[in-house]
Amino acid sequence: MSLQRYSALLGLCIVGSAVIIAILAPYITPQDPFLQNLDGRMLPPFWFDDSVPSHPLGTDQLGRDYLSRMIYGARISLLIGTLVVICSGLIGSTLGVLGGYFGGRIDTVVMFLITCRLAIPLILVALTVVAFVGSSLTVVILTLGLLLWERFAVVARTTTMQVRNLDYVAAADAAGASIRHILLREILPNIAHHLVVVATLEMALAILLEAALSFLGLGVPSPLPSWGLMISEAKDYMYFSPWVIMIPGVALFVLVLGINLLGDGLRDWLGARRDV
Amino acid sequence: MSDPLPGMPAEPAPLLEVGNLRVSFGARVDAVRAVSLTVQRGETHCLVGESGCGKSVTSLAVMGLLAKGAKRSADLLRFAGQDLLGLSERDLSRLRGDRMAMIFQEPMTSLNPAFTIGSQMAEVMQRHRGTPRAEAMERAGYLLSKVGISNPVLRLGQFPHQLSGGLRQRVMIAMALMCEPELLIADEPTTALDVTVQAQILRLLAGLQQELGLGILLITHDLGVVARMADRVSVMYAGEVVESAPAATLFAHPTHPYTRGLLACVPVPGRLARGARLGSIPGSVPRIGAGFAGCAFRDRCTYATESCHGTVAMQAGGDDHRYRCILPHDWSEACAA
């Protein structure tokens, strides 16, 4: 087994365990993540001598159990990552496939939309949206989902252009297939492996962006336990209790790394399978 | 079946009638100029010519599959008595794959890598006939065994990359036969295959034709294939049909200088003296743009005269034999005498 395989397997383990933890969150959290206990604020995690066994990762500035909040935070990160990728993937792939297949004027419009999208500053849009409708989980998902489609569109467009000219597309045409059939059965399945790789990259990006937006106060509103928000709330205490910022920071790093490793592995695996 | 048109003779209409077909790409290239041909039921009509003479474009134009930039016009384009020129894209795609099917040149890339052989074959029938999937699969399996594939049940569940080139071409033929087409257009179906497989595929096509009464329009540049398969031959040069005759007549009495040149290029054991040079045609096919008149072969032709620059009409050489040249039909015999 090569080193690449190991790293892909590591990615799979990280993402897999994050998904399992997120799904089982209500059953495995030791405490209620929203329960405040002002007598037990800023308790240290288990590797300190004065830690408390009932709070393995300590507590935050309001005395909420940090481990429980981390577990629920994984839920929010993955939920946002998945929904944003589905939303942006649908928009981007549709635009890209249409532009790549039909070419001409439709392609010009698609390219114009991609260029426009690339010129939109994401943080400013998030700021504006939050200013108008307030912040919520739905707003974060929709904002990111409606903005992160450009890579899907670019990749879908170029790969569609390659596949469109292959003989089996012409053969389907000669066998009386409709445009819908050609797009959904001939083109899409044969560019899907590229889109899967883009999806993992976009998912990692969405999770990091959510953390950044939450840190800036433009993302998930308190008291929801988002990792980005936890870092933001902990920044006042980082000089005296560095773990409050370290734990969600490391978790973000590990999850994003795992998704990227998994994406690399998928690319190699799907690529190799098709070259046979 | 469509009704016979008023004023049509009582004899059955030819399966495919093409009259004066023209295809141009922009103003500069006329890929096909004035091609006329007919394919009868149960007949193999071979379209021969060198690369770039417009054979493939002709076949694509008949199927209505030309790329967007191409412009097609014709006086007559009729399939089983039905006019194809006025047909909407929707009605045309109902015919394609159902009553007229096509086999492509490249078996390695003509199957969708994402689906199994069986699912791709069944789909054609599900689409055109609304046949239930299980029934369509059964027919797919039957046709696979028909085209000489052993263990069809195993092959149905396999993906294209698990099959060799010869097997894939057989699959393509079986797929084209799914809806029992009346016309099969085969665009160089054996070019990408090695010689033994080529012979098997040709034998297969000929057998299927006899059994099913198919009309085949076979496009090829290989005169060996023509000699083997053709009932009727049309020789194309620079977008025009320059000679058209029953296969036996064409091989016995080739009349157009280009046809004669082509035949002289084929090595036949015993025909040439030891050490003599095999024939070749000097020069290459000219690119024909708008405003070109006369015979396109004149620059490569040893018999060319001034009158080759004017319009050259089709001449009858007797016996259902037509050629586009100013020479009399018995000129070669006159030369020999």
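The crossing of α8(A) and α9(A) is right-handed, a crossing being called right-handed if the near helix is turned clockwise from the far one by less than a right angle, and left-handed if anticlockwise. In this predicted model, the axes of the two helices come within 11 Å and cross at roughly 145°, where axes are lines fitted to C-alpha atoms, for helices over the stretch in contact, and angles run from 0 to 180 degrees between N-to-C directions. Helices (H or I, at least four residues) and strands (E, at least two) are taken as DSSP runs and numbered from the N terminus. A:Tyr168, A:Val169, A:Ala172 and A:Asp173 of α8(A) meet A:His181, A:Ile182 and A:Glu186 of α9(A), two residues being counted as in contact if their C-beta atoms, placed from the backbone, lie within 7 Å. By class, the residues of this contact divide into four nonpolar, one polar and two charged; Ala, Val, Leu, Ile, Met, Phe, Trp, Tyr, Cys and Pro count as nonpolar, Asp, Glu, Lys and Arg as charged, and the others, Gly among them, as polar.

Residues are numbered from 1 along each chain as its sequence is written, while chains are lettered from A and ligands numbered from 1 in the order in which they are written. As the model is predicted, local features need pLDDT of at least 70 and side-chain atom pairs count only at pLDDT 80 or more, whereas totals for chains, interfaces and linings use all residues.

The secondary structure of chain A comes to eleven helices and zero strands, and its C-alpha atoms fill a box of roughly 75 × 50 × 30 Å, taken along the principal axes. Elsewhere in this chain, helix α4 (residues 104-118) packs against helix α7 (residues 150-164) at an angle of about 150°, with the axes 10 Å apart. The angle makes α4(A) roughly antiparallel to α7(A), a label used for angles over 145 degrees, with those under 35 counted as roughly parallel, 65 to 115 as roughly perpendicular and the rest as oblique. The crossing of α4(A) and α7(A) is left-handed, and the contact is made by A:Val110, A:Ile114, A:Arg117 and A:Leu118 of α4(A) together with A:Glu150, A:Ala153, A:Val154 and A:Arg157 of α7(A). Five of these residues are nonpolar, none is polar and three are charged.

Two backbone features of chain A fall in loops. The peptide bond from A:Ser222 to A:Pro223 is cis, with omega near 5°, and A:Pro223 lies in the loop between α9 and α10 (227-234) of chain A. A:Met42, in the loop between α2 (25-28) and α3 (66-102) of chain A, has a positive phi of about 50° although it is not a glycine. For context, most residues other than glycine have a negative phi, and most peptide bonds are trans.

Chain B contains eleven helices and 13 strands, and its C-alpha atoms occupy a box of roughly 65 × 55 × 40 Å along the principal axes. The radius of gyration of chain B, 21 Å, agrees with the value near 20 Å that a compact globule of 337 residues would have; this radius is taken over C-alpha atoms, and the globule rule is 2.2 Å times the number of residues to the power 0.38. Chain B is assigned domain 1 (16-99 + 186-267 + 280-336) and domain 2 (107-180), with bounds that come from an automatic or database domain assignment. The centres of the two domains of chain B, taken over C-alpha atoms, are separated by 30 Å, and their contact takes eleven residues from domain 1 and 13 residues from domain 2. On the side of domain 1 that touches domain 2, nine residues are nonpolar, one is polar and one is charged.
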